[in-house]
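Dear colleague,

Please find below the structure that I am handing over to you, followed by a summary of what was found in it. I would be grateful if you could read the summary with the model open.

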Amino acid sequence: MDPILKAVLTSWNWRVEIILVLALAGTVYIRGWRHLRRRTRGRQRPYRPGQPWPLSATWRLVSYLVGLVFITIALMSPIDVMSGQLFFMHMVQHLLLIMIAPPLLLIANPMAVMLWGLPDRLRRPVGQGFSRALHRDSNSRKLLRTITSPGVVWLLWVIVIVGWHDPDMYNAALRSDFVHDIEHISFFLVSMAYWWHVTGAGPRIHKQFGLLGRIIFVLAAIPPNMMTGVVLAFAENPIYAYYMDIPRIWNISVMTDQRISGVIMWIPGSMMYIIAALVLVSQLLGQEERKPNLPEKVWASDEALLAPGLKK
Amino acid sequence: MSIKVLLKNHHRPKRRLLAWLALALLLWGTAARAAWAHGGGTVHIAGEVAGPYRVTVWVAPNEVEAGKKLHFTVAVVRPENNQPVLDAQVMVQVTAVGDDTAVLSGPATTQQAVNKLFYEADFKAPQNPGEYQVQTRVSGSEGEGEVLFVLPIKPASGSNFLVIGLIGLVVIGGLGLLLNQRREPGRRAD
């Protein structure tokens, strides 16, 4: 094997705080999922289109664990280590934290499952704490509803995504591990809030978005993301001075690296939202499909056959 | 008793808690070294010629404080193709400006590095603040060379209030939870 490739592949940044958090999140979810599985054993109805999937569905566990694996890859694999040397690696890392891991975690509906995964002694006080904090009349619920309303979340998301691409902010993140961690945490949290509205995961404290609303919300992420990618891809000079001082590998110049990063953010980055929108469109069409048929006298009249949709 | 057996024992919560703590410490032990040796920091030498090589040196943290951690990252490349050199010997030596006696000295290696394309070394910064000269000597099959730069070391600042605050919050949260649990049986009796 090429020694440089070997060196890259063996560059893992094992961070105890991340390992512990991910291990804890995984353990609690698995415990909760098994608990729910045991409770519903033999009583599960077969899935019918249009009905919500049970919390203990196998795909939810798989989705959650794959989401955790993507976070592990983003924060500890060579993608993280090389992100200080290659801008496009940094971009891939951000895509994993913003567009891949959050929806995978949220479609698993983690809050409810994880509550069931807590030890018995803890479940009661934590559950009571949540019900108090999220009670219909509580101030904390009102505050949370306001700061996580779809409009505010969209605005925060744009500020965070575009703001961290400011040269001073980005260079600061590359020069300081602490700032870099803040950058990743803010990307992840704001993306979780964004995908929360799209997936409809619990706790449901907002008025439930209809499928059409969700499609529009998902597509609203594309313009700011795409514009940032286009600016990076077509810039004529290096934007981030930090990479100019760092030795290059694989003969990838600073400008080529920057263009690749811009294209990654622009095309695969936007594709993720388009894929999500397509999934929602297919759900919307399925919903239409399940509506009861119109009585024949409504659609088979002469007027309706001659000019469908035209009302008298 | 093995950790596995302890974790399986559902009737002894204290032992289970101890086992989880032991597991956490074990994880900490294996991972802490790698976390300590993470790169980053400020570039002090950018692609300067050192004999047959070009060398880049950066230091973390960005502002080094007396008696606190001091981390060097060194990249060695061949000037003709800019490809990393992975089999060189790199030695870092820190001396007070105007005094040739080495205050700190040690090898930077790829084994200590998180990014295996670089050479890294960890030290504890000198106790006395002031200006220090850092000499990075690189030797390999193609020859040897060195680069020098001056590193200012600031007086040590006070405690890290952010960390203390976070630990305080965790402790208060834990105590609150404990008190809440103790109160719980009485409430049920009502």
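**Chain B**

In chain B, residues 24 or more positions apart account for 52% of the contacts with a separation of 6 or more, a contact being two residues whose C-beta atoms, placed from the backbone, lie within 7 Å. This is a predicted model, in which local features need pLDDT of at least 70 and side-chain atom pairs count only at pLDDT 80 or more, while totals for chains, interfaces and linings use all residues. Residues are numbered from 1 along each chain as its sequence is written, and chains are lettered from A and ligands numbered from 1 in the order in which they are written.

Chain B has three helices and eight strands; helices (H or I, at least four residues) and strands (E, at least two) are DSSP runs, numbered from the N terminus. Their order from the N terminus on is α-α-β-β-β-β-β-β-β-β-α. Of the 190 residues of chain B, 26% count as buried. A residue is buried if 20 or more other C-beta atoms lie within 10 Å of its own, exposed if 12 or fewer, and partly exposed in between.

One residue of strand β7 (residues 130–140) of chain B is B:Arg137. B:Arg137 counts as partly exposed because it has 19 C-beta neighbours inside 10 Å. Leaving aside neighbours within four places in sequence, B:Arg137 is in contact with B:Met91, B:Glu144 and B:Glu146. B:Val55 is 82 residues from B:Arg137 along the chain, and their C-alpha atoms are separated by 9.7 Å.

**Chain A**

Chain A contains 17 helices and zero strands. Its C-alpha atoms fill a box of roughly 75 × 60 × 45 Å, taken along the principal axes. Of the 312 residues of chain A, 31% count as buried. Among contacts in chain A between residues at least 6 apart in sequence, 77% join residues at least 24 apart.

Helix α13 (residues 222–234) and helix α15 (residues 254–289) of chain A pack at an angle of about 160°, with their axes 7 Å apart. Because angles over 145 degrees count as roughly antiparallel, α13(A) and α15(A) are roughly antiparallel to each other. Residues of α13(A) that meet α15(A) include A:Ile222, A:Met226 and A:Val230, and among those on the α15(A) side are A:Trp266 and A:Tyr273.

A:Met244 lies in helix α14 (residues 242–245) of chain A. A:Met244 is exposed, because 12 other C-beta atoms lie within 10 Å. Not counting residues up to four places away in sequence, A:Met244 touches A:Pro238 and A:Val254. A:Met244 and A:Gln287 are 43 residues apart in sequence, and 53 Å apart in space, C-alpha to C-alpha.

Not counting residues up to four places away in sequence, A:Val218 touches A:Val198, A:Tyr273, A:Ala276, A:Ala277 and A:Leu280.

With kind regards

Key. Axes fitted to C-alpha atoms, helices over the stretch in contact; angles between N-to-C directions. Parallel < 35°, antiparallel > 145°, perpendicular 65-115°, else oblique.
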